[in-house]
Amino acid sequence: MCLAVAGRILAIADQSPDAAADPADPLWRRAEVDFGGVRQQVSLACLPQARVGDRVLVHVGLALSIVEEDEP
């Protein structure tokens, strides 16, 4: 069994070690994610479509899916 925690993306950055090679490589995208006041750096390698403000499920530092928010 795995545990994933939901958090909101605050900022996204490209952490490519060689930006000249391919500056838009989605494997190197990282996000600062807020988990109820705790902020962590998370890989967006599996979610190239993720944007600032999205809620994502994170497992061991890797965002696995975007969480759709329910309408009240």
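1. Start with arginine 29. Its side chain reaches the backbone oxygen of proline 48 at 2.8 Å. A polar atom of that side chain also lies 3.5 Å from the backbone oxygen of leucine 47. Polar contacts here are pairs of N or O atoms within 3.5 Å; within protein, one atom must be able to donate a hydrogen and the other to accept it, and residues adjacent in sequence count only if both atoms are side-chain atoms.

2. A word on provenance. This is a predicted model: local features need pLDDT of at least 70, side-chain atom pairs count only at pLDDT 80 or more, and totals for chains, interfaces and linings use all residues. Residues are numbered from 1 along each chain as its sequence is written, and side-chain values use heavy atoms, with hydrogens and water left out.

3. Is arginine 29 buried or exposed? Arginine 29 counts as buried because its relative accessibility is 14%. The classes are buried under 20% relative accessible area, exposed over 50%, and partly exposed in between (1.4 Å probe, protein chains only). Arginine 29 lies in strand β2. Leaving aside neighbours within four places in sequence, its contacts (heavy atoms within 4.5 Å) include Ile12, Ala13, Val42, Leu44 and Arg51. Leu47 and Pro48 are also among them.

4. The overall layout. The chain has zero helices and five strands. Its elements run β-β-β-β-β from the N terminus on. Both kinds of element are DSSP runs numbered from the N terminus: helices are H or I with at least four residues, strands are E with at least two. Buried residues make up 21% of the 72 residues. Among contacts between residues at least 6 apart in sequence, 34% join residues at least 24 apart. The accessible surface comes to about 4900 Å², of which 56% belongs to carbon and sulfur atoms. That area comes from the Shrake-Rupley method with a 1.4 Å probe; for residues, only the protein chains shown count as cover.

5. Strand pairing. Two strands pair if DSSP finds at least two bridges between them. Strand β1 (residues 5-14) pairs with β2 in the antiparallel sense over six bridges. Four bridges join β1 to β4, and these strands also run antiparallel. Strand β2 (residues 29-35) and strand β3 (residues 38-43) are antiparallel over six bridges.

6. The β2-β3 hairpin. It has two residues between the strands, and glycine 36 takes a positive phi near 60 degrees. The bridge partner of glutamate 32 in β3 is glutamine 41.

7. How many salt bridges does the structure hold? It holds one. The criterion is a side-chain nitrogen of Lys or Arg within 4 Å of a carboxyl oxygen of Asp or Glu. The pair is glutamate 32 and arginine 39, with the closest N and O atoms 3.5 Å apart. Glutamate 32 is partly exposed because its relative accessible area is 24%. Arginine 39 is exposed, with a relative accessible area of 54%.

8. At 33% relative accessibility, leucine 10 counts as partly exposed. Its C-alpha atom is separated by 9.7 Å from that of arginine 55, 45 residues apart along the chain.

9. The core. The largest nonpolar core has ten residues: Ile9, Ala31, Val33, Val42, Leu44, Leu47, Ala50, Val56, Val58 and Ala63. Strands β2 and β4 (55-59) each supply at least two residues of this core. A core is a set of buried Ala, Val, Leu, Ile, Met, Phe, Trp, Tyr and Cys residues joined through side-chain atoms within 4.5 Å. In soluble globular proteins, nonpolar side chains tend to be buried together. Core member Leu44 touches Ile9, Ala31, Ala50 and Ala63, among others, not counting residues up to four places away in sequence. Arg29 and Arg30 are also among the residues it touches.

10. Serine 43. This residue lies in strand β3. Serine 43 is buried because its relative accessible area is 13%. Its side chain reaches the backbone nitrogen of alanine 45 at 3.2 Å. Leaving aside neighbours within four places in sequence, serine 43 is in contact with Arg29, Arg30, Gly61, Leu62 and Ala63.
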